[in-house]
Amino acid sequence: MYAYSGWFYLNFVTEEVENPERNVPLAICSSMVIVTLGYVLTNVAYFTTLSPEDMLSSKAVAVTFSERLLGNFSLAVPIFVALSCFGSMNGGIFAVSRMFYVASREGHLPEILSMIHVRKHTPLPAVIVLVPLFIPALFSFTCLFMVALSLYADPVNTGIGFAITMTGVPAYYLFIIWDKKPAWFRRFLDKMTSTLQIILEVVPTEENPNL
């Protein structure tokens with residue numbers, strides 16, 4: 001699945017693609033063909049050098065293949081694997097950060113996340129707050145496990161901690177649902193946003209004449 005997962009990243013950045021009606025389908029189709037050819041040719045290369053027994057006994061077929069074929073240059077394989085992982089992570093950050101950017105633009109997240117860098121034209125604040133999906137998933141699972149153990153061992157203090165966690169509910173209504181905020185509160189939010197704009201050098205997209 002991950003070998004072909006890059007195609008849907010384009011759906012997140014359609015707004016930033018020139019002539020998306022033509023370029024998005026073209027990019028998806030061409031990249032799928034290139035990846036498929038790359039995988040087929042790689043497997044053909046494996047079978048021309050290694051026997052089925054060699055593959056079954058190998059802990060990493062690519063490493064065994066490179067050691068058999070490239071000798072001292074076999075170090076190139078893990079380097080290219082690392083570069084591939086870097087490229088995949090770069091694509092993920094590029095695409096998923098746009099979700100934070102659009103969610104902020106629609107009013108579901110703080111306004112600062114909907115702003116872009118004045119020179120690079122990228123949603124810098126949205127990129128900064130992004131983490132790979134497995135990190136919050138692992139963190140959530142660990143927290144649930146710890147909460148379950150804590151609830152069993154000390155229900156009183158765990159209940160207090162749960163009550164503190166639930167303070168996020170009124171915060172959601174305060175910042176998202178509540179439209180009729182007092183003037184002083186709006187001024188405070190505007191001041192905080194302006195300060196962060198200066199620090200991060202970002203502006204709303206409609207204020208940038210180069211976009």
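Which residues does UniProt list for "transmembrane region"? The unreviewed entry gives 26-47, 75-103, 124-153 and 159-178. UniProt positions follow the numbering used here, with feature names shortened, and annotations may be inferred rather than shown by experiment. This is a predicted model, where local features need pLDDT of at least 70, side-chain atom pairs count only at pLDDT 80 or more, and totals for chains, interfaces and linings use all residues. Residues are numbered from 1 along each chain as its sequence is written, and side-chain values use heavy atoms, leaving out hydrogens and water.

**Listed spans**
- Residues 159-178 are 85% helix and 0% strand, with end C-alpha atoms 28 Å apart.

**Helices H2 and H4**
- The axes (lines fitted to C-alpha atoms over the stretch in contact) of H2, residues 20-49, and H4, residues 61-70, come within 10 Å.
- They cross at roughly 55 degrees, on a scale from 0 to 180 between N-to-C directions.
- In H2, Ala45, Tyr46 and Thr49 meet Val61, Ala62, Phe65, Arg68 and Leu69 of H4 (contact: heavy atoms within 4.5 Å).

**Thr64**
- Thr64 is found in helix H4.
- Leaving aside neighbours within four places in sequence, Thr64 is in contact with Leu50 and Ser58.

Definitions and conventions: Helix = DSSP H or I, 4+ residues; strand = E, 2+ residues; numbered from the N terminus.
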